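Please read the points below with the sequence and the structure open beside you. They are numbered so that each can be checked in turn.

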Amino acid sequence: MAFALLDEQITQLVALRRALHQKPEVSGEEEQTAARIVQELERAGADHIWTRLGGHGVAAAFIGGQDGPTVMIRCELDGLPIQEMSDVPYRSKVEGKGHLCGHDGHMAMVLGVALAMAKRPKRGRVILLFQPAEETGAGAAAVIADPRWPEIRPDYAFAYHNVPGRPLGQIGLCRGTSNCASRGLKIAFTGRTSHAAAPEDGVSPASAIAELMQTLPEIGTGGEMHADFALATLTHASLGEPSFGISPGSGELRVTLRSQTDRRMERMVSDVETRVAAALDRLSVLSADTSCHEVFLATVNTDEAVEIAAQSATELGLEQCEMIAPMRWSEDFGRFGLDGAKSAMLFIGSGENQPQLHNPDFDFPDALIPIGVSLFVEIVDQILSDPSQANISPNG
């Protein structure tokens, strides 16, 4: 029989979600959010809790009666450095910060799974991971690098993200790549200032920046999703000081690269480096330093994990959508698959008229909480109630 939250549990989770919504903390600063999560996990009776994983990450274990696989359900702790524009009574109380991606709702759903774990699985373990710093792409890698990670390492890993524009509660399933790889490249130019009346006595990066602003977008022009998909987006440019008397001696360009595969990303990065070098060759005394930021690898779903999720959604009678292309936006959840887990990033519709993710008026719909909890619990049951999994010990 499928698990269903009691009305009072739903009320509790909605209140918790709204409390988290009022006090968002951005990537790397999630200390108070993590403390609240620990309180809720202790109240739910977790068998073991790990704190400060890869920063402010929190994980909890619920242990079954027999040996078996470890199933991890992951959500995110962090909010965004965006001012919320909303009339809801529980809007953000923190100036310039908001839960405008729905991570508050994701946390509430995973805490709902903790409530369901009052009835322990027959075998194996359930790990609930509240991951820090997803928005910067740093959190998953930091969690995996934590020396305690081998105690936690799952055999299966699942997560999902709400998706505005899709029917409320519709489950999106994507085989293969589910989220694009992306990274930011910052190109910092160093020349030499001069008087604006004698620009020839300085070294201005203006011509190199102008050239690259034209040529870098040619590296990837987007279009339809396919294995060779690539998109290069200029996001920032600066040149010198806001002055009329100084010929500039420094400048900066920022470009975000996006691809469906990590291999294609490597080619894009190499192409940027080649074009920067060519621009510098024409100005031999100008130098540039290129650095990578917010590196997200492609998230690639495992067929077995997607099939388990599909069977679980069918068992619950949830509407499903077989996706033919991955999301353009990125997720660092894919690192858990690269670490050895059979993994799937799932998507859940948050309403056809819902504001887009990262919009200043986005608000996670509370109606998704019981749907998400039921699906996660069903996925856990599919794996840990399967006798064929009985001889798989925790940590694979």
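1. Glu294 is found in strand β13, residues 287-296. Helices (H or I, at least four residues) and strands (E, at least two) are DSSP runs, numbered from the N terminus. Phi of Glu294 is near 50°, a positive value in a residue other than glycine. Glu294 is partly exposed, with a relative accessible area of 47%. Here buried means under 20% relative accessible area, exposed means over 50%, and partly exposed is in between (1.4 Å probe, protein chains only).

2. Arg52 also deserves a look. Arg52 lies in strand β1, and its phi is positive, about 55°, although Arg52 is not a glycine.

3. A word on the source. This is a predicted model, in which local features need pLDDT of at least 70 and side-chain atom pairs count only at pLDDT 80 or more, while totals for chains, interfaces and linings use all residues. Residues are numbered from 1 along each chain as its sequence is written, and side-chain values use heavy atoms, with hydrogens and water left out.

4. Which strands form the open sheet, and in what order? Eight strands do, in the order β1-β2-β4-β3-β5-β16-β6-β15, with mixed pairing. Two strands pair if DSSP finds at least two bridges between them. The edge strands are β1 (48-53) and β15 (320-323), each of which pairs on one side only. From one strand to the next, the twist averages 20°.

5. Strands β3 (residues 66-76) and β5 (residues 156-163) pair in the parallel sense over three bridges. Met72 stands opposite Ala157 in β5.

6. Helices pack on this sheet. Helix α8 (residues 303-316) touches β5, β6 (171-174), β15 and β16, and its direction makes about 40° with that of β16. Helix α10 lies across β3, β4 (123-131), β5, β6 and β16, running at about 160° to β5. Contact means heavy atoms within 4.5 Å. Axes are lines fitted to C-alpha atoms, for helices over the stretch in contact, and angles run from 0 to 180 degrees between N-to-C directions.

7. The unreviewed UniProt entry annotates Cys101, His103, Glu135, His161 and His358 as "binding site". These residues span 258 residues in sequence, yet no two of their C-alpha atoms are more than 13.0 Å apart, so they gather at one spot. Of these residues, the lining of the largest pocket includes Cys101, Glu135, His161 and His358. UniProt positions are given in the numbering used here, feature names are shortened, and annotations may be inferred rather than shown by experiment. On a 1 Å grid over the protein atoms alone, a pocket is an open set of points where a 1.4 Å probe fits, with protein on both sides within 12 Å along at least five of seven lines; lining residues have an atom within 4 Å of a point.

8. Is His103 buried or exposed? His103 is buried, with a relative accessible area of 0%, and is found in helix α3 (residues 103-116). Not counting residues up to four places away in sequence, His103 touches Glu76, Asp78, Glu134, Glu135 and His161. A polar atom of the His103 side chain lies 2.7 Å from the backbone oxygen of Asp78.

9. His358 is in the loop between β16 (342-349) and α10 (368-384). His358 is partly exposed, with a relative accessible area of 34%. Among its contacts, not counting residues up to four places away in sequence, are Cys101 and Glu135.

Definitions and conventions: A polar contact is a pair of N or O atoms within 3.5 Å; within protein, one must be able to donate a hydrogen and the other to accept it, and residues adjacent in sequence count only if both atoms are side-chain atoms.
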